[in-house]
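User: Can you walk me through the aromatic rings in this one? Keep it short, please.

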Amino acid sequence: MLYLWLKALHIISMVCWFAGLFYLPRLFVYHAQSEDTVSKERFSIMERKLYRGIMGPAMIATLVFGIWLISLNPSAYFGQGAWMHAKLTLVVILIGYHHMCGAQVKRFARGENTRWFNEVPVLILLAIVILVVVRPF
C-alpha cells in the first residue's frame with residue numbers, strides 16, 4: 001500500500017513541476033513582449049512566485065518520492081533493462097533546465113530581456129513517459 005501512495009504522490013508532484021516548467025517560459029515570452037513598467041514588474045513577481053513557490057517544492061517532492069520508490073526495490077527498477085538509466089538521465093537534464101529557468105527569472109528581474117526556449121520540457125516529458133510505459137530497452 002505504501003508503494004501505491006508513493007507512486008501517486010510522485011506522479012502528482014511531477015505533474016505540478018511540469019505545469020510550472022510549461023508555464024514559466026510562456027511568462028518569459030509575455031514578459032519580454034511587455035513594454036510598460038507595471039507589466040514588467042507584475043511578470044517578475046509572477047515568475048518569482050511560480051519558480052519559488054510551486055516549481056521548487058514540486059521538483060523536490062518529485063525527487064524525494066521517486067528516490068523513495070526506487071529505494072523500496074532497486075532491483076525491480078534497475079534489473080529490467082536500461083530504461084531507468086535513460087529516465088534518470090532525462091531527469092538530471094530536466095533539473096538543469098529547471099535551474100536555467102531560475103537564472104532566467106533573475107535576469108528578467110534585473111530588466112534583461114532575452115529570448116527563451118520552451119520546447120525542452122515537452123520533449124523530455126514525452127521521452128520519460130515513453131520510457132516508463134513502453135520500456136523500449
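User: Phe28 and Phe108: buried or exposed?

Analyst: Phe28 is buried, and Phe108 is buried too. Buried means under 20% relative accessible area, exposed means over 50%, and partly exposed is in between (1.4 Å probe, protein chains only). This is a predicted model: local features need pLDDT of at least 70, side-chain atom pairs count only at pLDDT 80 or more, and totals for chains, interfaces and linings use all residues. Residues are numbered from 1 along each chain as its sequence is written, and side-chain values use heavy atoms, with hydrogens and water left out.

User: OK. How many aromatic pairs are there?

Analyst: Four. Rings of Phe, Tyr and Trp (its six-membered ring) pair if their centres lie within 6.5 Å; planes under 30 degrees apart count as stacked, over 60 as edge-to-face, and the rest as tilted. Phe28 and Phe108 make a stacked pair, 5.2 Å centre to centre with 10° between the planes. Phe28 is in helix H1 (residues 2-33) and Phe108 in helix H4 (residues 83-109), so the pair ties together parts 80 residues apart in sequence. Helices (H or I, at least four residues) are DSSP runs, numbered from the N terminus, and so are strands (E, at least two).

User: And how do Tyr30 and Phe43 pair?

Analyst: Tilted: 6.4 Å centre to centre, 40° between the planes. Tyr30 is in helix H1 and Phe43 in helix H2 (residues 37-72), 13 residues apart. Tyr30 is partly exposed at 37% relative accessible area. Phe43 is buried at 16%.

User: Which residues do ring pairs link into a cluster?

Analyst: Trp17, Phe18 and Phe22.

User: New topic. What sits over the ring of Tyr30?

Analyst: The charged end of Arg26, 5.3 Å from the ring centre. The rule: NZ of Lys or CZ of Arg within 6 Å of the ring centre and within 35 degrees of the ring normal.
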